[in-house]
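Trainee: I would like to go through this structure with you. Please show it first.

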Amino acid sequence: MLDFIINPFVNILLYIYQFLGAGVNDFGWAILIFTILIRLALYPLTKSQMDSAKSMQKLNEHPDYIKLQKKKKEGKIDQEKFAQEQMELYRQLGINPFGSCLPTLLQFPIIIGMYWAVTKALATSPLQLIELIPEISLQNAATLLPLNSHFLWMDLSQPERWYGLADIITKALPFLNGNGGIPILAILVVITSYFQSKMMTPTSSNPNDQSAAMSRMMALYVPVLMGWISYTYSAGLAVYFVASNLVSLMQYGLMGKLDFSKLLRRKEPAAK
Amino acid sequence: MKKTKLLAITIFFLALSLVLSGCQGAAVANSWPGITVDGATAYVAYNQAVYALDLDRDGQLSETLPANTSDSSLKGALFYHPPVLLEDGYLLTGSYNNKLFEIDTQDGGAREFFTEARNRWIATPLLTENRIFAPNANGSVYAFDLSGDLLWEFETDAAIWATPVMNGSRIYIVSQDHKMYALNAATGDPVWELDLGSAAVNSPALDADGVLYIGTFGSRLLAIDSDNGSIIWETDTLGWVWGSPVLGADGILYLTDLEANLYAIETADGNILWSKQVDADTGITGSALLYNEALFVVTNSGLIASYNLEGERLWKEEFASEDSPVEFHGTPVAAGDNLILVSSIGTETAVFAFNSELETLWQFTPDN
């Protein structure tokens with residue numbers, strides 16, 4: 001379905017891999033470099049999304065909007081009237097109601113495409129390799145394949161585990177049956193995803209703000225989901241997730257929008 | 001409102017999970033069925049099971065192995081390579097859950113044979129008189145005695161998908177690190193190694209003069225002196241080579257490639273006697289089957305064809321259609337008198353059975 005994105009991505013990954021020398025660690029670096037390039041290319045969308053989210057936050061804290069929501073809650077206006085007045089407020093404040101979700105929708109296929117490109121390029125089974133070969137447009141593909149999947153302590157084609165303490169863990173926890181590897185990358189994915197979600201979610205002091213409540217729930221669910229994917233699937237994806245999260249955080253920091261106090265704040269202060 | 005939120009979040013995660021998993025079910029194949037024939041029984045390793053088919057009764061399913069799939073050691077187990085028949089009715093088969101299993105064909109019981117490899121078992125292990133040599137996709141070859149005790153391990157720098165070949169006191173393996181290795185079979189010590197220039201995913205052929213023949217992704221066939229690893233000759237092919245060369249009579253070998261070409265090549269000097277394109281816009285992932293004085297080849301686009309040894313096509317049958325995207329992979333397997341078994345994916349059918357005239361005798365479709 002997304003082949004028009006995935007196949008060019010596979011070739012760009014392979015090109016970077018080849019440029020780096022196609023040796024040990026190079027596919028890991030290729031993933032990191034390509035992730036940074038993708039994030040840089042998506043920067044205008046990311047910025048637009050953040051600006052729009054900030055505007056929506058302002059709307060949620062606007063006295064007129066809080067009054068409007070109160071009226072609706074008390075049944076003084078119906079849904080149609082609420083929508084009309086909300087649109088009028090959007091117009092007055094210069095807010096595009098789709099400004100936040102449209103960049104997300106545009107980024108989604110690219111992020112999913114990257115996920116699949118990493119999986120496809122690693123080709124860990126005969127059928128995957130057969131499907132990969134015709135899609136490669138590099139002249140010397142035969143010398144590049146299969147990719148060297150070693151990166152630091154990882155095999156990028158396998159779920160990542162660090163076995164440095166495996167003996168101690170196995171002795172302490174014999175029911176693990178010798179599988180005492182620590183999923184370091186999955187843990188890093190959870191932490192960086194949580195940081196990213198918390199840092200990039202605008203605060204809201206409006207207790208009726210449904211989108212803020214949804215964002216708080218997503219800030220918990222998304223890191224868990226990403227962590228589970230990283231624990232289960234190949235380490236190449238986890239490298240991509242960690243790099244992507246870190247680059248997003250750096251971009252957010254360069255925009256001067258990192259607020260570390262959000263990490264510790266459990267609940268937004270209520271409006272006075 | 002809480003219910004709506006919960007529903008929205010559930011739908012979001014379901015959609016994301018589907019996208020990330022490629023909208024695929026649990027039983028999606030990673031490879032094609034691996035077939036081993038023992039007398040009147042064909043063992044077909046495919047996805048979660050090894051199916052025992054009765055060849056005397058048109059391939060009827062006689063047993064599904066292992067019998068108890070809820071056993072915790074079988075979690076995530078997927079079987080694809082042709083199983084190895086051990087003595088006493090046991091099958092040795094590696095799985096995609098990184099475990100090597102021994103399965104009792106009598107009661108269907110599965111026992112973990114080796115669990116310390118940390119990658120898939122894609123290649124068929126080599127069974128000799130008193131040893132088992134099992135390559136893993138982690139790049140190691142493991143040597144066991146027949147009771148399952150590990151004797152040695154030899155590491156290469158990339159996955160091994162090819163079965164080793166034995167000659168006297170040595171085994172020869174090809175790794176995807178682009179190299180062929182000769183190892184002392186008793187100790188695992190390397191005797192020589194040779195850079196092939198590109199990866200090879202299938203086994204070399206070894207002739208009576210001790211010459212190894214291996215095809216590579218570099219569109220090349222190499223003849224190698226098994227004694228010292230020196231290249232005797234090289235011949236270019238039109239496409240990347242996936243399948244093993246097949247040695248015929250009178251100093252001729254037969255080779256296929258991923259451009260769906262079939263070649264007859266002289267073993268003395270690599271001269272190509274003839275080549276035929278079996279089909280356009282497809283590939284051949286298996287070797288040719290030399291059977292009843294004819295060559296049988298199958299293509300990824302669901303075509304089976306037979307040629308005489310002079311390269312003239314005898315028969316051809318196509319099975320793929322828009323509604324039924326049959327793909328044939330691997331090497332056709334001779335299964336007794338005038339019976340050829342072919343691995344299939346793309347539809348629910350896992351095995352097609354043909355006679356030498358390529359008439360379909362029966363098909364096998366697993367229950368799941």
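**Helices, loops and domains**

Mentor: Start with helix H12(A), which is mostly covered, with 16 of its 20 residues buried. Keep in mind that this is a predicted model.

Trainee: What span should the 20 residues of H12(A) have, and how far apart are its end C-alpha atoms?

Mentor: Take 1.5 Å a residue for H12(A). The expected span counts one less than the number of residues. That gives 28 Å for H12(A), and the distance between its end C-alpha atoms agrees: 28 Å.

Trainee: Which residue takes a positive phi just after H12(A)?

Mentor: Look just past the end of H12(A). The phi there is about 75°. The residue is Gly256(A).

Trainee: At what angle do the axes of H2(A) and H12(A) cross?

Mentor: H2(A) covers residues 26–41, and H12(A) covers residues 235–254. Their axes come within 9 Å. The crossing is right-handed. Its angle is roughly 40°.

Trainee: Which residues of H2(A) make the contact with H12(A)?

Mentor: On the H12(A) side, the contact uses Gly236(A), Val239(A), Tyr240(A), Ala243(A), Ser244(A), Val247(A), Ser248(A) and Gln251(A). An α-helix has 3.6 residues a turn, so residues three or four places apart point the same way. The H2(A) side is made by Gly28(A), Ile31(A), Leu32(A), Thr35(A), Ile36(A), Arg39(A) and Leu40(A).

Trainee: How many nonpolar, polar and charged residues does the contact of H2(A) with H12(A) have?

Mentor: Sort the contact residues by class, with Gly counted as polar. The contact of H2(A) with H12(A) then has 8 nonpolar, 6 polar and 1 charged residues.

Trainee: How many helices and strands does chain A have?

Mentor: Of the 272 residues of chain A, 46% count as buried. Among its contacts between residues at least 6 apart in sequence, 74% join residues at least 24 apart. The secondary structure of chain A comes to 13 helices and 2 strands.

Trainee: Is Tyr221(A) buried, partly exposed or exposed?

Mentor: Tyr221(A) sits in helix H11, residues 210–232. Its C-alpha is 9.9 Å from that of Ser197(A), 24 residues away in sequence. The relative accessible area of Tyr221(A) is 36%.

Trainee: Where does Pro146(A) lie, and is the peptide bond from Leu145(A) to Pro146(A) cis or trans?

Mentor: Pro146(A) lies in the loop between helix H8 (141–144) and strand S1 (150–151) of chain A. Omega from Leu145(A) to Pro146(A) is near -10°. That bond is cis.

Trainee: Now chain B. In which loop is Pro66(B)?

Mentor: The peptide bond from Leu65(B) to Pro66(B) is cis, with omega near -10°. The loop that holds Pro66(B) is between strand S4 (60–65) and strand S5 (84–85) of chain B.

Trainee: Why does Asn98(B) count as buried?

Mentor: Asn98(B) is in the loop between strands S6 (90–94) and S7 (100–104) of chain B. It has a positive phi of about 75° although it is not a glycine. Beyond four places in sequence, Asn98(B) touches residues including Gln158(A), Phe114(B) and Trp121(B). Asn98(B) counts as buried because its relative accessibility is 18%.

Trainee: Is Asp250(B) buried or exposed?

Mentor: Asp250(B) also has a positive phi, about 60°, although it is not a glycine. Its loop is between strands S21 (246–247) and S22 (252–256) of chain B. With a relative accessible area of 75%, Asp250(B) is exposed.

Trainee: How far apart are the C-alpha centres of domain 1 and domain 2 of chain B?

Mentor: Domain 1 covers 30–115 and domain 2 covers 278–368. In chain B, 15 residues of domain 1 are in contact with 18 residues of domain 2. The C-alpha centres of these domains lie 22 Å apart.

Technical notes
Residues numbered from 1 in each chain as written. Chains lettered and ligands numbered in written order. Predicted model: local features only at pLDDT ≥ 70, side-chain atom pairs only at ≥ 80, totals over all residues. Heavy atoms only, no water. Axes fitted to C-alpha atoms, helices over the stretch in contact; angles between N-to-C directions. Helix = DSSP H or I, 4+ residues; strand = E, 2+ residues; numbered from the N terminus. Left-handed = near helix turned anticlockwise from the far one by under 90°. Contact = heavy atoms within 4.5 Å. Domains from an automatic or database assignment. Buried < 20%, exposed > 50% of the residue type's maximum accessible area, 1.4 Å probe, protein only.
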